[in-house]
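Hi,

Here is the structure I promised to pass on.

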Amino acid sequence: MANYKKMVDGVEVSLTDDEQKAREAEEKAYADAAPTRAFEALRRERDGKLAETDFYALSDVTLSDEMKKYRADLRDLPSKYDDSTVVKTITWPSKP
């Protein structure tokens, strides 16, 4: 097994088989969590875009149909992706 290396007292040594397995398990867990991180990032950015347009939805402002559609598209955006597609490029709706 080709092990990763680590530094011990300034000397590069190979990881033990147990250390190697633990390292590989950590890397797999990180890779497996990529969709979760991507959905969190999508929702953070989406929430920011919604916040930028919140003042349009105040009771004393008439919301245009285009803005209603934009805000609805933003809210619906996460449902358009799944675990395999969310880690790719997100297509954001155009702000009117």
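Below is what I found, starting with how to read it.

This is a predicted model, where local features need pLDDT of at least 70 and side-chain atom pairs count only at pLDDT 80 or more, while totals for chains, interfaces and linings use all residues. Residues are numbered from 1 along each chain as its sequence is written, and side-chain values use heavy atoms, with hydrogens and water left out.

Helix H3

Helix H3 covers residues 65-76; helices here are DSSP runs of H or I with at least four residues, numbered from the N terminus. H3 has 12 residues and spans 16 Å from first to last C-alpha, close to the 16 Å expected at 1.5 Å a residue (the expected span is 1.5 Å times one less than the number of residues). Its buried residues are Met67, Tyr70, Arg71, Asp73 and Leu74. They sit on the same side of H3, because their arc around the axis is only 160 degrees, taken from the directions from the helix axis to the C-beta atoms. Buried means under 20% relative accessible area, exposed over 50%, and partly exposed in between, with a 1.4 Å probe and protein chains only. The face turned away from the buried side carries the exposed Asp65 and Lys69. H2 is among what covers the buried residues of H3, with contact meaning heavy atoms within 4.5 Å.

Salt bridges

The count comes to seven salt bridges, each a side-chain nitrogen of Lys or Arg within 4 Å of a carboxyl oxygen of Asp or Glu.

- Lysine 28 and aspartate 32 meet at 2.6 Å, N to O. They are four residues apart in helix H1 (residues 17-32), so about one helical turn separates them. Lysine 28 is exposed at 51% relative accessibility, and aspartate 32 is partly exposed at 49%.
- Arginine 46 pairs with aspartate 47, with the closest N and O atoms 2.8 Å apart. Arginine 46 is buried at 12%, whereas aspartate 47 is partly exposed at 40%.
- Aspartate 54 and arginine 71 meet at 3.2 Å, N to O. This pair links distant parts of the chain, 17 residues apart: aspartate 54 lies in the loop between H2 and H3, and arginine 71 in helix H3. Arginine 71 is buried at 11%, and aspartate 54 is partly exposed at 38%.

The loop

Valine 61 lies in the loop between helix H2 (34-52) and helix H3, and is partly exposed at 34% relative accessibility.

Cheers

Technical notes
Helices (H or I, at least four residues) and strands (E, at least two) are DSSP runs, numbered from the N terminus.
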